[in-house]
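Subject: The structure to look through

Dear colleague,

Here is the structure that I promised to pass on to you. Please open it beside this message, and then read on for what was found in it.

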Amino acid sequence: MQQQSTHELLAYSDAEWVGFPDTYRSTGYTIFLGSNLISWSSKKQSTVSRSSAKAEYRSLVIATADIAWIVQLLKDLHVTLSASPTLCCDNENVIFMAVNPVTRPRSKHIAIDYHFVHELVANGSLKLQYVPSSLQLADSLTKGVSKPQFFLF
């Protein structure tokens, strides 16, 4: 997804849950200001997730925290964003969990993270957007991608 304005934040977050059997916890995100990559991360999550949704949600939370920090830094520098930051995720269940105010019994273990992201989405400070895995820029930080996909990114 290409940015039109240099004052828009666009981020991608992703996690690889079972792709690395020795760790089960790879996570990554990228954040763009306009077309410029200004922040990225690729690392192991601090704990092993019990589900793919939890792994993806933890990645979303880590990216959201960095986005919130960048937004505050830009405010301190008197840079006004032209729109709320957008965070792209390739897991529709995770987006649903962040937007939907109902906590399910199977997701109690991520309740604090849930409330952090949900509050930003609810007050319009963050937009979540689904992106298909084939266009998920953070994939190259969490797993091996094909040569054509790498060059596309």
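Does Cys 89 count as buried or exposed, and at what relative accessibility? At 0% relative accessibility, Cys 89 counts as buried. Please keep in mind, as you read this and everything below, that the model is a predicted one.

**The chain as a whole**

The secondary structure consists of 5 helices and 5 strands, and their order along the sequence is β-β-β-α-β-α-α-β-α-α. The chain has 153 residues, and 45% of them count as buried. If you take the contacts in the chain with a separation of 6 or more, 64% of them are between residues 24 or more positions apart. The accessible surface amounts to about 8600 Å², and carbon and sulfur atoms account for 57% of that surface.

In general, a disulfide is a covalent bond between the sulfur atoms of two cysteines. Seen from Cys 89, the closest cysteine sulfur is the one in Cys 88, at 8.9 Å, and the structure holds 0 disulfides.

**Around Cys 89 and Leu 60**

Which residues is Cys 89 in contact with, once its neighbours within four places in sequence are left aside? Its contacts are Ser 13, Glu 56, Leu 60, Val 94, Ile 95, Gln 129, Tyr 130, Val 131 and Gln 136. Cys 89 and Tyr 12 are 77 residues apart in sequence, yet their C-alpha atoms are 6.1 Å apart in space.

Leu 60, one of the contacts of Cys 89, lies in helix α1 and is buried, with a relative accessible area of 0%. Leaving aside its own neighbours within four places in sequence, Leu 60 is in contact with Ser 13, Leu 87, Cys 89, Val 94, Ala 98, Val 117 and Leu 128. Ser 13 is therefore found both among the contacts of Leu 60 and among those of Cys 89, where contact means heavy atoms within 4.5 Å. Leu 60 and Gly 28 are 32 residues apart in sequence, and their C-alpha atoms are 9.0 Å apart.

**An aromatic pair**

The structure holds 1 aromatic pair. Tyr 12 and Phe 32 form this pair in an edge-to-face arrangement, with 6.4 Å from centre to centre and 90 degrees between the planes. The two residues are 20 residues apart and link distant parts of the chain, since Tyr 12 is in strand β1 (residues 9–16) and Phe 32 is in strand β2 (residues 26–33). Tyr 12 is buried, with a relative accessible area of 1%, and Phe 32 is buried as well, with a relative accessible area of 17%.

Which residues make the nonpolar surface patch of about 340 Å²? The patch is made by Trp 69, Leu 73 and Leu 77.

Most residues other than glycine have a negative phi, whereas the phi of His 78 is near 60 degrees, a positive value in a residue other than glycine.

A colleague

Terms used:
Residues numbered from 1 in each chain as written. Predicted model: local features only at pLDDT ≥ 70, side-chain atom pairs only at ≥ 80, totals over all residues. Heavy atoms only, no water. Helix = DSSP H or I, 4+ residues; strand = E, 2+ residues; numbered from the N terminus. Buried < 20%, exposed > 50% of the residue type's maximum accessible area, 1.4 Å probe, protein only. Areas by Shrake-Rupley, 256 points an atom, 1.4 Å probe, with all protein chains shown as cover. Patch = residues over 30% accessible without salt bridge, like charges linked within 9 Å, V, L, I, M, F, W, Y side chains within 5 Å. Salt bridge = Lys/Arg side-chain N within 4 Å of Asp/Glu carboxyl O. Phe/Tyr/Trp six-rings, centres within 6.5 Å; stacked < 30°, edge-to-face > 60°. Disulfide = S-S within 2.5 Å.
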